[in-house]
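Good morning, and thank you for coming. Please look at the sequence and the structure as I bring them up.

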Amino acid sequence: MRGQDLKKYYRIRDGGVERVLSEDDFPLVIGGSPAAAIRVVELAAEQEAAYIGLSEGNLYVQSAEMGIPVWHNRQKLQDFGWLLNGDKLRIGSYEIVIRLDQETITLQVSEPDDSSQTLPPLPSTSSPSSLEVEPVQFRSEPLDEQTKATSRSRLLLKIGLGLLFAFLVSSAWFVFTARQVLVQIDPKPDRVSIKGGVATPKLGAHFLLRPGSYTLRAVKKGYHPLEHPFMVADDKNQTLNLSMVKLPGKLTLRVYQAEQPSISIEGARVYIDGEEIGATPLREVDVKPGRRRLEIKAENYQNMQTHVVIEGEGVSQSFDLALTPDWAEVTVSSLPAGANVWVAGKRMGKTPLRLKLAAGTYELELRARLYKTWRAPLVIQANQPQALNNIRLIPADGTLALRTTPSGASVTVDKSYFGLTPLDIPLRPNKKHVVYVSKAGYERVALHLKVSAAEVKPLSIDLVPKKGVVHLVVEPPDAEIFIDGKPLEAAEKNLSFIALEHEVEIKKEGYESFRTKITPRPGFPLELRVSLVKQRPKHMTAPQIIRAANGYALKLIHPGSFIMGSSRREQGRRSNETLRKVTLTRWFYLGVREVTNKEFRQFLAEHNSGEFKGHSLNRDKLPVVQVSWEQAALFCNWLSAKDSLPPAYVKKGDKLVAVEPMGTGYRLPTEAEWEYCARLKNGKTSRKYPWGDRFPPGPKSVNIADESAKGVIATYLSDYNDGYPVTAPSGTFDPNELGIYDLGGNVAEWSHDYYSIYTYAADKIYRDPVGPAQGKHRVVRGSSWKQSSISALRVSYRGYGNEKRQDLGFRICRYLEHVDEGK
């Protein structure tokens with residue numbers, strides 16, 4: 001089969017010169033061009049007769065379709081033919097003989113004057129197909145010459161017929177299995193070759209290729225070589241559309257100053273389509289062909305933009321372009337000369353001065369010793385020179401550095417007010433000035449003075465005070481006296497003060513402080529008589545109702561003594577209701593009603609009290625529930641901060657604990673305070689239920705589990721109806737005689753105290769109790785909308801817990817004053 005043996009060497013022998021080739025040199029051009037692999041001088045330079053190609057190690061010849069006759073073994077080549085050992089090609093008077101062996105393919109070129117050098121054919125070692133050789137009987141007798149000649153002729157005929165048959169079979173197999181591929185390349189290349197698979201015969205613009213992988217190579221002068229891998233599929237007809245890319249052009253660029261072509265500008269940055277390609281002068285720089293945007297930038301020159309058309313194909317192009325100066329010449333002179341010239345904060349030289357400035361706006365300054373700085377804006381337009389001649393400088397001001405004791409005196413110079421001392425005052429040089437210095441309570445000072453140019457004259461003045469006498473008569477005589485915050489000696493009653501306004505404060509423990517303001521007058525003594533008034537207890541003047549920063553109302557509660565808990569004979573009593581004697585000594589404020597959802601969401605916006613069996617617990621006016629003790633305590637601290645009160649709770653480790661001693665910040669009520677307010681009736685703490693002493697409650701007196709909760713709560717009071725199946729808006733039912741709402745029913749309430757069961761001590765009195773210092777649970781006081789039993793509805797009922805509940809909320813409390821005040 002063709003291509004079975006790999007040929008390793010390729011060469012051309014032409015006129016005694018041997019050239020060694022590689023596979024990459026194929027296909028070989030036979031034509032008139034000096035660049036042709038095999039040149040036929042009888043042809044014009046642009047004419048190509050044929051191509052010798054290589055496919056899987058086998059040679060083939062293909063017509064160049066230019067009408068030049070090519071003879072293959074004395075037959076005119078129509079389009080394509082395989083080349084075997086000994087084959088001959090003739091173009092004009094040139095003959096090419098093909099020599100094949102195991103390692104070498106040789107193309108022997110015979111020119112018209114050396115055709116005698118053509119080598120005789122060699123036996124072919126690689127035929128297109130194998131031949132069957134018939135054995136002949138061995139003859140012992142010698143053959144005559146005629147018989148030998150006949151035998152040789154028959155043998156050659158059989159070999160020729162076998163080769164012809166193999167060629168025809170191979171050609172038919174190729175034709176039937178090959179696919180027609182149309183190759184269109186723009187522009188038309190000088191040479192095209194396809195590598196891969198078997199031989200690639202060409203039919204017009206089509207190539208016959210078997211399915212598989214190929215690489216197309218095309219070359220054309222002035223263009224980048226084209227190499228394109230592609231696949232031939234099973235489709236009968238396929239098209240390959242390709243384009244060749246021009247080589248870049250060679251750009252040479254010189255720029256010069258407009259109106260002065262002899263002055264070349266070096267170092268200008270050059271951009272093509274926005275990309276910098278170098279600095280001038282440019283020489284033979286590669287630029288992509290086509291219409292390109294050219295931009296040139298140079299310091300002190302206006303940017304230039306234009307378009308150039310680059311031919312490409314390696315063609316050299318040269319351009320000379322002019323740049324317009326982006327500056328102008330400025331001359332500056334001054335009277336006197338020698339002033340330093342500053343432009344935009346940079347020193348440029350001394351007057352007279354000539355300088356070049358780029359177009360733009362600048363601040364021009366002239367500075368000279370003993371003269372004021374001259375300033376003016378300077379607008380520069382390109383190519384428009386300016387002359388600033390004989391700028392007259394003004395002598396510099398002198399400076400009066402004025403200080404007074406005390407400071408803060410008003411200063412007027414030549415009837416113009418300058419401010420309060422200390423002052424640095426600019427004054428025109430070599431001129432007399434009148435300076436006035438005055439301060440309330442001090443003698444006025446007048447000065448006449450002169451300063452030199454740029455002189456700094458220091459001046460310090462001690463002001464003389466004007467004083468008046470004040471006689472103080474105070475009762476009680478040992479009261480403390482403070483003048484402008486400073487204490488006076490008790491013996492000092494006749495005082496001499498500077499004639500200014502002074503603040504006088506007189507105070508003594510147990511008396512109301514006295515404050516006033518006096519202004520002594522020189523020559524006119526004053527007498528101040530003050531009798532201090534004894535203080536009244538704070539609760540006597542304190543408001544009965546106060547409102548926190550969020551509008552929450554609290555009622556002032558008079559402290560007193562009472563007995564907490566319940567006796568063993570009380571119906572519904574529980575074992576944790578130990579009787580205790582309690583005395584409350586501190587006045588305190590208690591929240592009039594329970595904290596609502598709306599008020600709590602001002603502190604914690606995302607809070608949701610939820611719902612119970614389809615009934616909302618989350619409406620704004622309902623008491624807040626589903627809050628922990630810690631959240632309630634933090635709400636108190638938040639409200640204290642808004643009212644500038646000290647916090648009642650602080651963080652210790654991972655727990656929130658009460659401040660000791662308890663201050664005046666908002667907090668939760670102690671259970672003693674809560675029960676005291678719930679029990680109070682007609683001035684006595686004897687109330688059994690929040691509404692009174694009888695059971696069941698009277699109409700509309702408390703929100704508990706009753707007829708309205710039927711179907712919502714399993715256990716309810718059947719002979720009472722408050723109209724609310726769950727919580728009611730805070731303050732809906734009548735208050736007790738203190739004006740406090742919902743101390744029973746609606747929601748149970750968190751207390752300040754840790755929970756504990758106290759032992760009975762008949763003689764022990766608990767003063768202002770706040771509960772144990774530590775514990776696991778917090779006390780919960782009061783019944784709720786979920787409860788209806790006699791036990792739970794009593795004032796003495798004590799609950800506890802540390803979890804949120806749907807029927808548990810809170811109210812707030814605070815002391816009127818600190819523990820050490822008013823006692």
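I shall speak about strands, then aromatic rings, then charged pairs, and finally the surface.

This is a predicted model, in which local features need pLDDT of at least 70 and side-chain atom pairs count only at pLDDT 80 or more, while totals for chains, interfaces and linings use all residues. Residues are numbered from 1 along each chain as its sequence is written, and side-chain values use heavy atoms, with hydrogens and water left out.

Let us begin with the strands. Helices (H or I, at least four residues) and strands (E, at least two) are DSSP runs, numbered from the N terminus. Two strands are said to pair if DSSP finds at least two bridges between them. Strands of a sheet pair through backbone hydrogen bonds, either parallel or antiparallel.

An open sheet of mixed pairing is formed by seven strands, in the order β2-β1-β12-β11-β10-β7-β8. Its edge strands, β2 (17–21) and β8 (75–76), each pair on one side only. Five bridges join β2 to strand β1 (residues 9–14) in the antiparallel sense, and there Arg13 has Glu18 in β2 as its bridge partner.

Parallel pairing can be seen elsewhere: strand β13 (residues 179–186) runs parallel to β19, with seven bridges. Val183 stands opposite Leu240 in β19.

Now please turn to strand β53 (residues 588–591). Which way do its side chains point? Phe588 and Leu590 point one way, Tyr589 and Gly591 the other, and all are buried; buried means under 20% relative accessible area, exposed over 50%, and partly exposed in between (1.4 Å probe, protein chains only). In a regular strand the side chains alternate between the two faces of the sheet. Strand β50 (residues 553–557) pairs with β53 in the antiparallel sense over four bridges, and strand β65 (residues 813–815) is joined to β53, also antiparallel, by three.

We come to the aromatic rings. Rings of Phe, Tyr and Trp (its six-membered ring) pair if their centres lie within 6.5 Å; planes under 30 degrees apart count as stacked, over 60 as edge-to-face and the rest as tilted. The count by this rule is 19 aromatic pairs. In one of them, Trp629 and Tyr649, the centres are 5.4 Å apart and the planes stand at 80 degrees, so this pair is edge-to-face. Trp629 lies in helix α4 (residues 629–642) and Tyr649 in strand β56 (residues 649–652), so the pair ties together parts that are 20 residues apart in sequence. Both Trp629 and Tyr649 are buried.

Next, the charged pairs. A salt bridge is a side-chain nitrogen of Lys or Arg within 4 Å of a carboxyl oxygen of Asp or Glu, and by this rule there are 35 salt bridges. How far apart are the N and O atoms of Arg601 and Asp620? They meet at 3.0 Å. This pair links distant parts of the chain, 19 residues apart: Arg601 is in helix α3 (residues 597–603), and Asp620 in the loop between β55 (615–616) and α4. Arg601 is buried at 18% relative accessible area, whereas Asp620, at 40%, counts as partly exposed.

Glu673 and Arg667 also form a salt bridge, with their closest N and O atoms 2.8 Å apart, and both residues are buried.

Finally, the surface. Leu155 is found in helix α1 (residues 145–177), and with a relative accessible area of 47% Leu155 is partly exposed.
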